[in-house]
Amino acid sequence: MSFLDVTDFRREFAFFSERPEWVYLDNAATSHKPHAVINAMVDWYQRDNSNVHRSAHQLAANATAALERARQDILAFVNANNHYQLIFTAGATSALNQLAFGLMHSVLQAGDLVVVSELEHHANIVPWQYHCAGVELAAVPLLASGELDMAAYQRLIARKPKVVSLTQLSNGTGVAPDLHTMLQMAKAVNAFTIVDGCQGIAAGLGDVSALDCDFYVCSAHKLYGPTGVGALIGKTAALELLRPLLYGGEMIKSVSFARTELNRLPFRLEAGTPNIAGAIGFGAAVRFLQQFDGLALRQHKMQLTQSFLSQLKELPDIRLLSPTNSLGIVTLDVATCYASDIAELLNAQQVAVRAGSHCAMPLFKALDSRGAVRFSFAPYNDLQEVDRAVEALKQALEMCR
Ligand SMILES: Cc1ncc(COP(=O)(O)O)c(C=O)c1O
């Protein structure tokens, strides 16, 4: 396969010609969508719109084939070997809720321990609290450097947690924990392992077979796909253990008022009509990405991040919360101003960033930050946009002094 260049990448996104005045650096919240994704969804609605896995006509067969092709293409994209299957979900939040609920009714009992970390998004904290009554939720704390405290993790592992659920890349600060080591330590005590790959997959870290985790979750919209669809990718044996969170059509083999028999995977965990257009868009997103040289995209994003970080050094009143080798997420505190005010001053200059605690309140509490400004880069950004963001930030800081 011949790969397309980074400069071709930007051209595939209508947003940049529609809104040339904007600098979009809120990619960790959601990415823009290329023509390939939008067209795949529109085409399907216009030409093959039908429900899947039920009607006998050709259009329904086309819809089923498109959905199943997307499933296979996403599995291939994350290099999942044949131990894994993919469940379409409404996103990573929905996948993590299914995991917390599903494991509570099989693997977990009151008194057991689930380990997460202080880097987690709320989606990897709150489901454990609400679905797993009586289960202890413990978080690996941060060191002053913002990295995870591996000695504290070792102590938690010694308590033999039943589940270890960790982010691949913090959406709050861009820290990427040493998952290879952490997952090995979890497996050594037979814990079920979950990786929240929402940000990791967009940073090119989504190699599920290399991680060898029991479950991997992600959302399409962080990866140039549509909102409202994601994946719960799991080893078949682990998925088999999950009690479904949702019940209804399609997830059953037979129903009577006396007894219902559930369907096999993946259908058992996909109750109701799925987000068919979303799944097709998700499949189109990974096929789109495969046309490009992944390494070149990553290197370009690193170049943008490094350029931004080096220019930040010259700015006053800033506390950097991200590592200097961050994979595209740069978060900072401004001593003289609220993060929300900085974001508003940037917005006035048409630079889109996010401010606050980034759905990770415990993380920002641990960092002793009242809320921070996050600049998140994607390979479709360019160096001129980085410079514009720095200029806008300079002006915002001036106004705050
Ligand atoms: C690390 C991480 N986990 C989970 C989520 C939740 O994803 P979604 O809102 O698409 O379900 C996000 C979204 O910001 C995220 O960045």
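How far is an oxygen atom of the ligand from an N or O atom in the side chain of H221? The distance is 2.8 Å. The model is a predicted one, in which local features need pLDDT of at least 70, side-chain atom pairs count only at pLDDT 80 or more, and totals for chains, interfaces and linings use all residues. Residues are numbered from 1 along each chain as its sequence is written, and side-chain values use heavy atoms, with hydrogens and water left out.

**Ligand surroundings**

- The protein covers 86% of the 390 Å² of accessible area that the ligand has on its own (Shrake-Rupley method, 1.4 Å probe).
- The residues around the ligand, each with a heavy atom within 4 Å of it, include A92, H121, N171, D196, Q199, H221 and K222.
- By class, this shell has three nonpolar, six polar and two charged residues. Ala, Val, Leu, Ile, Met, Phe, Trp, Tyr, Cys and Pro count as nonpolar, Asp, Glu, Lys and Arg as charged, and the others, Gly among them, as polar.
- A nitrogen atom of the ligand lies 2.6 Å from an N or O atom in the side chain of D196.
- Polar contacts are pairs of N or O atoms within 3.5 Å.

**Helix packing**

- Helices here are DSSP runs (H or I, at least four residues) and strands are runs of E (at least two), numbered from the N terminus.
- Axes are lines fitted to C-alpha atoms, for helices over the stretch in contact, and angles run from 0 to 180 degrees between N-to-C directions.
- Angles under 35 degrees count as roughly parallel, over 145 as roughly antiparallel, 65 to 115 as roughly perpendicular and the rest as oblique.
- Helix α3 (residues 35-48) packs against helix α4 (residues 58-77) at about 160 degrees, with axes 10 Å apart; the two are therefore roughly antiparallel.
- The α3 and α4 crossing is left-handed, meaning that the near helix is turned anticlockwise from the far one by less than a right angle; clockwise is right-handed.
- Between helix α12 (residues 294-312) and helix α15 (residues 383-400) the angle is about 25 degrees and the axes are 10 Å apart, which makes α12 roughly parallel to α15. Their crossing is right-handed.
- Helix α13 (residues 339-348) meets α15 at about 125 degrees, with axes 9 Å apart, so α13 and α15 are oblique to each other. This crossing is right-handed.

**Backbone details**

- L265 and P266 are joined by a cis peptide bond, with omega about 0 degrees. P266 is in the loop between β10 (260-262) and α11 (276-289).
- D212 is not a glycine, yet has a positive phi of about 55 degrees. D212 sits in the loop between α9 (208-211) and β7 (215-219).

How values were computed:
Polar contact = N/O pair within 3.5 Å; in protein donor to acceptor, adjacent residues only side chain to side chain.
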